[in-house]
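Welcome, and please load the model in your viewer.

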Amino acid sequence: MKLLALAIVVALLGCSDKDAATQPRAPTADAGAGKAFAERECKGCHGLDGKGAAPAIPHLAAQRESYLLASLRAYKEGKRTHAALKEIAAHLSDADARNLAAFYANLAPVQAAPAPGKTVSPYDRGKDLAGACARCHGEDGNSTTPGIPSLAGQQAHYLVVAIQEYLAKERKAAPMHALLPGLGRLEKESLALYFASQTPRARAAPAFGDPAAGEPLSAVCGGCHGSHGVSIDNATPILAGQDAQYLVQAIKAYRTTRQRETMRAYVRGLSEKDIENIAAFYSVQKSRPAEKGQTLVQELTDKCNRCHGAAADNPAAPIPKIGGQDRDYLVMALRAYRDDRRESTTMHKMSLPYGDAVIDSIASYYAAQPPK
């Protein structure tokens, strides 16, 4: 039996070698022909040195050949959208694609201009802005003023939506809200991320309402706001540990000015006492930070480096090098993955939860890295 098994193994190995020998080899790419093609079709945007001619145009020099081929194929198949590139790729032969990829892949990396300074994380940017909010919302967003909401630990996306609703006059304005129109989108998101990352302080029971009576009334609320008011959806507010008087005001506002039909349908049937009991219940629940903004960018770039870093630098993998890449292009690409306008299940899942402020910081970080 041993001799028979050995004979079978030898025969199989022999067949494998024979099959491998008869397999057609991939045609050799001609970088010179690729340069000629680039001269005709590509240099206006990507240059003959592989450097993007303007912001948001990617550098192609020293990019992985496998990734360049995969990108050209994606444009040809309509999986990536760009009018000019789609037209070029539609008439690109396999040989042209190989030659073009080989030409750009073998160029020296583009030496990026020195970064203007240290990349600022959205958390740090938000911290700088938060001082103006402390007068009303308390230090680190923990309000001690009845009727003023705490922002500490709140869901970041919800805070951005709330700011937009104040600007649209869908919520009752307060004096400090006059500062909001001066904030750009990145600043609003950064401010929200900072507050979302703060630790909410525990509250004593309010002078009104009965937390025990409010607990069974909160059962319907838990479907959206989570167990004991700790939401896991970044667009749904955390109610745990919130100021009770503010919660009463907010619940009543859904009867009139706030535009949430599902909320309005439920709160319409609540009595004044019910509302006070629900608010009292949520105010004494333990909360926690919704985000970890202090380390978020570092954690995300560590994840990115698993595929894009030097440790995973497999020339055969169709994964792009992103160190030293054009910053505006990286921002555009990450937003496209997040918004599902560019195909990649992995990238979509990784970028989906993050706003423009986080994407901006990640792009700035990689644009400042030395190209390889």
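Axes here are lines fitted to C-alpha atoms, for helices over the stretch in contact, and angles run from 0 to 180 degrees between N-to-C directions. Helices (H or I, at least four residues) are DSSP runs, numbered from the N terminus. This is a predicted model, in which local features need pLDDT of at least 70, side-chain atom pairs count only at pLDDT 80 or more, and totals for chains, interfaces and linings use all residues. Residues are numbered from 1 along each chain as its sequence is written, and side-chain values use heavy atoms, with hydrogens and water left out.

**First stop: α7 and α10**

Select residues 122-130 for α7 and residues 185-196 for α10: their axes come within 7 Å and cross at roughly 90°. That makes α7 roughly perpendicular to α10 (65 to 115 degrees). The contact residues divide into nine nonpolar (Ala, Val, Leu, Ile, Met, Phe, Trp, Tyr, Cys and Pro), three charged (Asp, Glu, Lys and Arg) and two polar (the others, Gly among them).

**Second stop: Ser71**

Next, pick Ser71 in helix α4, residues 65-76. Ser71 is buried (under 20% relative accessible area), at 9%. Its side chain makes a polar contact with the side chain of Arg80 at 3.1 Å; such a contact is a pair of N or O atoms within 3.5 Å, and within protein one must be able to donate a hydrogen and the other to accept it, while residues adjacent in sequence count only if both atoms are side-chain atoms.

Finally, move to Leu85 in helix α5, residues 83-90. Leu85 is partly exposed, with a relative accessible area of 22% (the class between buried and exposed, the latter being over 50%, with a 1.4 Å probe and protein chains only). Draw a C-alpha to C-alpha distance from Leu85 to Leu72: 8.2 Å in space, for 13 residues apart in sequence.

Conventions:
Helices (H or I, at least four residues) and strands (E, at least two) are DSSP runs, numbered from the N terminus. Angles under 35 degrees count as roughly parallel, over 145 as roughly antiparallel, 65 to 115 as roughly perpendicular and the rest as oblique.
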